[in-house]
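Please keep the sequence and the model in view while reading.

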Amino acid sequence: MNSRRDILARSRFAAWIADELAAFHFDLLLFDSCLMGDIESLYEYRAIADYMVASEVIVPIWGFPYDTVLAQWNAQPQTQSAPLVGRIFIDQFIAAYEN
């Protein structure tokens, strides 16, 4: 059935995820899917993560370029803080899809 009642808003989905993960706390929360970075959703995650990487628009089906992300992270073992790891994901994503 495809009625208005059957649609789960992203903000409600985010609230459900946050509730399910409430017992945990993450330094960095990454979403490798489309439309997970709207302000309403990010607000729901505020208590479970210090930093988040998410897209508010559609991302390529291939998602993050994990091969280059992990290679760079592995090459820089001193890069352990959440902001630096998040920056690696962002930089490698941009490099992979900028053309």
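## Nonpolar cores

Which residues form the largest nonpolar core? The model is a predicted one, in which local features need pLDDT of at least 70 and side-chain atom pairs count only at pLDDT 80 or more, whereas totals for chains, interfaces and linings use all residues. Residues are numbered from 1 along each chain as its sequence is written, and side-chain values use heavy atoms, with hydrogens and water left out.

The largest core has nine residues, namely Ala14, Ile17, Ala18, Leu29, Phe31, Met36, Tyr45, Ile48 and Ala49, where a nonpolar core is a set of buried Ala, Val, Leu, Ile, Met, Phe, Trp, Tyr and Cys residues joined through side-chain atoms within 4.5 Å. Its largest share, three residues, comes from helix α1. Apart from this core lies another, of eight residues, among them Leu28, Val69, Ile88 and Phe89. Ile48, a member of the nine-residue core, is in contact (heavy atoms within 4.5 Å) with Ala18, Leu21, Ala22, Phe24, His25, Phe26 and Leu29, when residues up to four places away in sequence are not counted.

Helix α1 spans residues 10-20, and its buried residues are Ala14, Ile17 and Ala18; buried means under 20% relative accessible area, exposed over 50%, and partly exposed in between, with a 1.4 Å probe and protein chains only. Seen down the axis of α1, these buried residues fall within an arc of 100°, so they line one face of the helix, the arc being that of the directions from the helix axis to the C-beta atoms. On the other side of α1, Arg12, Asp19 and Glu20 are exposed. The cover over the buried residues of α1 includes α2, residues 39-44.

Within α2, Ile39 counts as exposed because its relative accessibility is 63%. Ser41, also found in α2, is buried, with a relative accessible area of 1%. Not counting residues up to four places away in sequence, Ser41 touches Arg10, Ser11, Ala14 and Met36.

Strand β1 (residues 26-30) and strand β2 (residues 49-53) run parallel and are joined by four bridges; strands pair if DSSP finds at least two bridges between them. Leu30 has Val53 as its bridge partner in β2. Helices (H or I, at least four residues) and strands (E, at least two) are DSSP runs, numbered from the N terminus. Together, β1, α2 and β2 make a right-handed β-α-β unit, in which handedness means that, with the strands pointing away from the viewer, the path from the first strand over the helix to the second runs clockwise.
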